[in-house]
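Subject: Structure for you to look at, with notes

Dear colleague,

I am passing on the structure below, together with notes on what was found in it. Please read them with the model open beside you.

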Amino acid sequence: MSPARTDPGPPEQVQTVLGLETSCDETAAAVVRLNAAGEAEVLSSVVASQIADHAPYGGVVPEIAARAHVENVDAIAAQALSDAGLGYDQLTGVAATAGPGLVGGVMVGLSFGKAVALARGLPLIAVNHLEGHAVSARLAAHLPYPFLLLLVSGGHCQLLSVDGVGACRRLGSTIDDAAGEAFDKIAKTLGLPYPGGPALEKLAQGGRPEQFVLPRMLLGRKDCDFSFSGLKTAAARLAEGLTTESDRRDLAACVQAAIATQLAERSDRAMAAYAQEHDGAGLRFVVAGGVAANKTVRATLEAAAAKRGFSFTAPPLAYCTDNAAMIALAGAERLALGQADPLDAPARPRWPLDAAAAAANPTHQPGRKGAKA
Ligand code: KG4
Ligand code: ZN
């Protein structure tokens, strides 16, 4: 057995990285190749969803998730390597999500990654899950840095200026729920199964998005922050009084439109500031995270970007929700710059991408529930 390489050594021309993702309810592994020109190729991407395990409880149960990751992670990693037609000895590094997320699950994937790194003498990259989402659009499109990113998932809702590898500045974030959390909670009040986002989108088909009046949160504010709790309360009250299927469809369509509108309004503000900062050149707007799978959200954001003269990129659906290809790519990009992490890198339940902004303006006080970072 070769000794562990905590020092990454000189960067290699081509990086072939095994990525591992276990921060929530998907056990995922992938192999991504990054060439010297910075172009990514996904050689394999395997995602084992635990939806069926959690569905009876109406949401993710951390203990069940961690146990399922333990049971699955080695088989999923083996599958990713076999799909890529590679062995461990053909890898140049291993990247594992080290947070933020459900810490029991994070520890499983990160420990597995450390074991591979130790046994095979490979550098380890402890990847921030949010950085994975941030680079996810680079998996399938030519998207140079810098770009403006709207990250919308079950745990996060943030606008970030992504200036380079690992260099993110937060322009706004949610002061209560994440957008995906709002979708999930409102879907529950409409009697829809977990996960609520896709189910609500399906119910909204054919619904009339102007039938109900819903509150527009933080309307008078000039910043780029989000809030969904008022919408959630209003939707829950309306849902209680509904009797027909057509009313439920209408309410689903109204909720979807309200979330999409808020995302677009705040993104518009961020685009205006970003365009000024960049003198109107190289304007790229990217949406990533599970909620980016929603067609109404995508279309509303694409229109907002076009209005401001920004190009619009959204990852293919498979790379919107949690996956390991984005973790492998985030790791490969760091490795290409000669970066790696020691084998005692910790699992972090909270890990803001922009630590300075999070410290200066914390969106979470101790004891408050809400987004993970
Ligand atoms: O990125 P992701 O897979 O996990 C996190 O890191 O949170 O995002 C999951 C979230 C869930 O809240 C889910 O309901 C939402 O993304 N989501 C959707 C859709 N697909 C997934 N929300 C609305 N419409 C969808 N089609
Ligand atoms: Zn995610």
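To begin with the sheet, five strands form an open sheet in the order β3-β2-β1-β4-β5, with mixed pairing; two strands are taken to pair if DSSP finds at least two bridges between them, while helices (H or I, at least four residues) and strands (E, at least two) are DSSP runs numbered from the N terminus. Because β3 (40-49) and β5 (124-128) stand at the edges with a single partner strand each, one side of each is left without a neighbour in the sheet. On average, and with direction ignored, neighbouring strands of this sheet are turned by 20 degrees against each other; axes here are lines fitted to C-alpha atoms, for helices over the stretch in contact, and angles run from 0 to 180 degrees between N-to-C directions.

Please keep in mind that this is a predicted model, in which local features need pLDDT of at least 70 and side-chain atom pairs count only at pLDDT 80 or more, whereas totals for chains, interfaces and linings use all residues. Residues are numbered from 1 along each chain as its sequence is written, chains are lettered from A and ligands numbered from 1 in the order in which they are written, and side-chain values use heavy atoms, with hydrogens and water left out.

Strand β4 (residues 93-99) pairs with β5 in the parallel sense over five bridges, and Thr97 stands opposite Val127 in β5. Helix α3 (residues 103-120) packs on the sheet, where it touches β1 (15-21), β4 and β5, and its direction makes about 155 degrees with that of β4; contact means heavy atoms within 4.5 Å. Another helix, α11 (residues 325-336), lies across β1, β2 (26-34), β3, β4 and β5, and runs at about 135 degrees to β1.

Strand β1 itself is joined to β2 by seven bridges, the two running antiparallel, and a hairpin of four residues links them. Leu20 stands opposite Ala29 in β2, and its bridge partner in β4 is Ala96. Seven of the seven residues of β1 are buried, so this strand is largely enclosed by the rest of the structure; buried means under 20% relative accessible area, exposed over 50%, and partly exposed in between (1.4 Å probe, protein chains only).

As for charged pairs, a search of the whole structure finds 15 salt bridges, each being a side-chain nitrogen of Lys or Arg within 4 Å of a carboxyl oxygen of Asp or Glu. One of them joins Lys185 to Asp177, with the closest N and O atoms 3.4 Å apart; Lys185 counts as partly exposed at 31% relative accessibility, whereas Asp177 counts as buried at 6%. Asp177 also meets Lys232 in a salt bridge (2.7 Å, N to O). Since Asp177 lies in the loop between β8 (167-173) and α5 (179-189) and Lys232 in helix α7 (residues 229-240), this pair ties together parts that are 55 residues apart in sequence.

Taken as a whole, the protein has twelve helices and ten strands. Of its 373 residues, 52% count as buried, and along its principal axes the C-alpha trace spans about 65 × 50 × 40 Å.

With best wishes
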